[in-house]
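I opened my notebook to jot down what I looked up in this model. Here are the entries, in the order I made them.

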Amino acid sequence: MPSPPSPSPSSSSSTLPSPGDRPPSPKPLDPRLITSPSQITAQLLLLSKRESDLTLSLNSLVSDRSTLDGALLRLQNLASSVDRLVSQIDGRFDEFGSSSRGLGLQNGDSGEAYDLTDVFGGEAGESLGLVERVTRVWETSERVGGKVRRLDEEISRVREATDIVTEVLELKNALQTLSGSIAKEDWESASRACRRAMNVRPDVLEGNFASAVVPTASQSLPPPQQLEELRNVLLHTFRAEFDAAARRKDQQAVSRFFRLWPGIGAEEEGLEAYGDFVVDLVKARSSNAGKPSSPVYYLTQLTSLLEAIAHIIDQHQPVVDKYYGKGRMRTVVGRLVGESDRVVRGLVEGWEEERRVGRLISETKQSKFLLLHNPALLPPLFPSLAVPGTSQLSLGSLATATTSHLPNLSSASTLLQSYAPGGKKTGTAAGEQRTATPQPIEEEPQGPDPRDVDRVLGELVALGGRWALFRRFVYGRISASPANTRQMDQMGRLLTLDKEDEDEEEEAQAKPTPPGVNGDHADEVNDQPSTQTKKESDMEVLEKSGSQRAIENLLKVYYEPLELWFLRSSIEKAQRLDSPELSARPHLSSVLDDTFYLLKLVIQRVLSCGSLPTLRSMRQRISDVVDRDYTQVIKRKMDAVYGGQGVADRERDKSKEQRSAFIIYLNDLDVSADYIERLLDETRNALPQVFLEPELPSVREELGTLGELSNRFRATCKTGLEQLFNQLIRPRLRNLLDEVYRDTTYLLDEDGFAEADEADIVRKRFARGWEILVEGYREAYTDHNYQAFFNLTVETLVRPWEKMIMNMRFTELGAIRYERDVRGIVNFLATQTSFGGPRDKFTRLQQIATVINMDADEDPEDFWSNSGIPWRLSKAEYNTVLEQRQ
């Protein structure tokens, strides 16, 4: 295909600018040699002129579009020819289908290529001309582009130089303004000027150009030294003015200079000065706590300190966050906690000396708790059960004993009434029971006065609770974002101990501290701190403080041993004063309510301390004390009820009291298991608001571990129940069966069947014997204990009953009578319970009735295999029962 004519190379080249037509390049200058603004201006004008000339030259090249468009059109027309040539060169099939190995453009072994002009003539020549022209255009573009790039580099250097000059001028102006503002004492302007100077890049600030331009006759120092010197003047002035304003209590001036420090990049110096200021505020707080001998003196002092710190944090944290940034309040809190360390250390030392707690600890270590180690010395539950010739403590010997440390024991029944599975319990029956007084023994008082211990415990719990509440408040402030203002306000109210509360506490100093010092406000604190993960560094300011260590040491050294002594001493006295409550259903004793009232008090006091290490330590110790001094003492009391003497050797009334005492102890253990579960559930659902949010799972876990006491109570109760059953019930069960089946036979004819059916003698005898057997147990036992007693009795009764039936013979009518007897007894026993009856216990006896009532024409083997009955009888027993039929 012929290609369109192309313009001659001469015509195309005439449109391109020749090198002589290009504008001359300016003489390159080194920017480092420029020393004056006039030189910079001249060089910038020269470069701008050159840029405009080059732009015009490039535009003239781009405007000649006709030449380029013609070249592109010819390239498109030559595309088919080029494709054909490529196929021939590569040895592809031609248009006629013949294979070719190429045109042999390589010249033999020499490897020289043939000239395309010789092979293709005019077309190749035109192609070569086009390539040459495109090459020239590309070379020109590259040449022009390179010059443009060099020009851009020069422009960027000029701009950089301009920026440097601008910054240096700004630096010089800022330093002059700063110096003038300092002379005029215009500190706000000085702060802004200092900030402008500090914003200059360090390489410009320390550069040679700035060093040559900025210094003046009055300020000959290099710029960095000038800036540092003037900034130090500002720092010194700000601190001096701030301290003076603080001494004058000029809040406006304090606030003014406090806001200036961040403007000159002196946040640390500002926070340091502010920390000194707020520490002085804390030191200057007024406290009218009274004399150190007052029971609320140290508590009021600590509360006043923590309240002052909390108010400062609340009022000033928004200002610090605004001007210094989020999280910077932690530095101020650290200074405040440092002041609290000093005050708390003095309070602790004064408290130890004033309260003489070392003497209390020494006296508690001398306590032996002889009655808990030897329960045989305790008075029996009923006076008639006292063993002659033994020395036991009586009510007479207890009349002078100190029992005031058992707080409101008379109200324990009312407090825990919701736990009781039966009706109301009254304390009048206890007084009516003890009419006889065993031989008393003299008791020497051991240990400290429980009232003194209780007062100290209440004070320790209050001190620990106040610190824990403050700790929780600070955690919410320095860890949560944004700060929870409402929560802080409520925490502040909890920290405040107002005058009326102090007076009431001083008047009631003999009473124990109410469980959960802050419990009255628990409903107000509904907002919880943020639950997001916190770093340990958030709380290092408190966890590693001297105040934290001092409070933890108080709790560990004094609170824990005194609280354990208080619990053991209280349980011992509760065991001494133990009395039955026979008017209640089920029958219980006073030690149950007394002990669990005390246990609830102790648990709530431990939680109110707000210390997780204290809770972990006390949880195991409380568990051990309850198990040793309560559960095991009751177990040993049960063992001593019968004292190895048989029931036949006792009078009837004494035997009845023995049984009642044993049942009461069993009921105490059973109800104790319910009490501990409900007590811990209520405690978990109403924890004092003194623990940190991350600590709550651990607190609930510790309380759950304490719930293991429930299993110990039930295990001891089960063992005692089996002991009572073996002692009183098991020997009478055989007589019951003998009486029920006395003169009874199942070899019945029609007359005998009719007579037995009318008399129903087996069921009636069983019902009468059963009522005699379990008389008094149903009313005395708890529901759980009676169910266990009932099931144990039926299980023990059924085993010999099955053996007895396996040795009897049955006629067809006798088998029917036997089935009716079993069904009647099962129905009777079902009416005696409210928990489903004993039908599953009689499954084997009922299957015996099914087998002996099988039709005579029915195949026994087929019935065994295909009846669908889940047999409890073995195959041998099944065959034995078949042989019993006549």
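How exposed is Arg734, in relative accessibility? I found 44%, so Arg734 counts as partly exposed; that class lies between buried (under 20% relative accessible area) and exposed (over 50%), with a 1.4 Å probe and protein chains only.

Before going on, I noted that this is a predicted model, in which local features need pLDDT of at least 70, side-chain atom pairs count only at pLDDT 80 or more, and totals for chains, interfaces and linings use all residues. Residues are numbered from 1 along each chain as its sequence is written, and side-chain values use heavy atoms, with hydrogens and water left out.

**Entry: salt bridges**

I stayed with Arg734, which forms a salt bridge with Asp738, the closest N and O atoms being 3.7 Å apart. The term asks for a side-chain nitrogen of Lys or Arg within 4 Å of a carboxyl oxygen of Asp or Glu. Both partners sit in helix H29, 4 residues apart, about one turn of the helix. Helices here are DSSP runs (H or I, at least four residues), numbered from the N terminus. Asp738 is partly exposed, at 37% relative accessibility. I also noted a network in which salt bridges with shared partners join Asp757, Asp760, Arg763, Arg817, Arg820 and Asp821.

How many salt bridges are there by this rule? The count comes to 45 salt bridges. I looked up Glu188 and Arg256, whose side chains meet at 2.7 Å, N to O. This pair links distant parts of the chain, with Glu188 in helix H7 (residues 187-198) and Arg256 in helix H11, 68 residues apart. Glu188 is partly exposed at 27%, and Arg256 is partly exposed at 29%.

Next came Glu695 and Arg471, which form a salt bridge of 2.7 Å, N to O. Glu695 lies in the loop between H27 and helix H28 (696-706) and Arg471 in helix H20 (residues 450-479), so the pair ties together parts that are 224 residues apart in sequence. Glu695 is buried at 13%, and Arg471 is buried at 6%.

**Entry: aromatic pairs**

I counted ring pairs of Phe, Tyr and Trp (its six-membered ring) with centres within 6.5 Å; planes under 30 degrees apart are stacked, over 60 edge-to-face, and the rest tilted. The count comes to 34 aromatic pairs. In one of these, the rings of Tyr630 and Phe713 have their centres 5.9 Å apart and their planes at 85°, so the pair is edge-to-face. Tyr630 in helix H26 (residues 612-642) and Phe713 in helix H29 (residues 709-740) are 83 residues apart. Tyr630 is buried, at 0% relative accessibility, and Phe713 is buried, also with 0%.

Tyr741 and Trp801 make another edge-to-face pair, 6.2 Å centre to centre with 70° between the planes. Tyr741 is in the loop between H29 and H30 and Trp801 in helix H33 (residues 783-806), 60 residues apart. Both Tyr741 and Trp801 are buried.

**Entry: positive phi**

Most residues other than glycine have a negative phi. Still, I found Lys249 with a positive phi near 60°, in the loop between helix H10 (223-248) and helix H11 (251-260). Lys249 is exposed, at 74%. Asp743 also has a positive phi, of about 60°, and lies in the loop between H29 and H30. Asp743 is exposed, at 73%.

Definitions and conventions:
Helix = DSSP H or I, 4+ residues; strand = E, 2+ residues; numbered from the N terminus.
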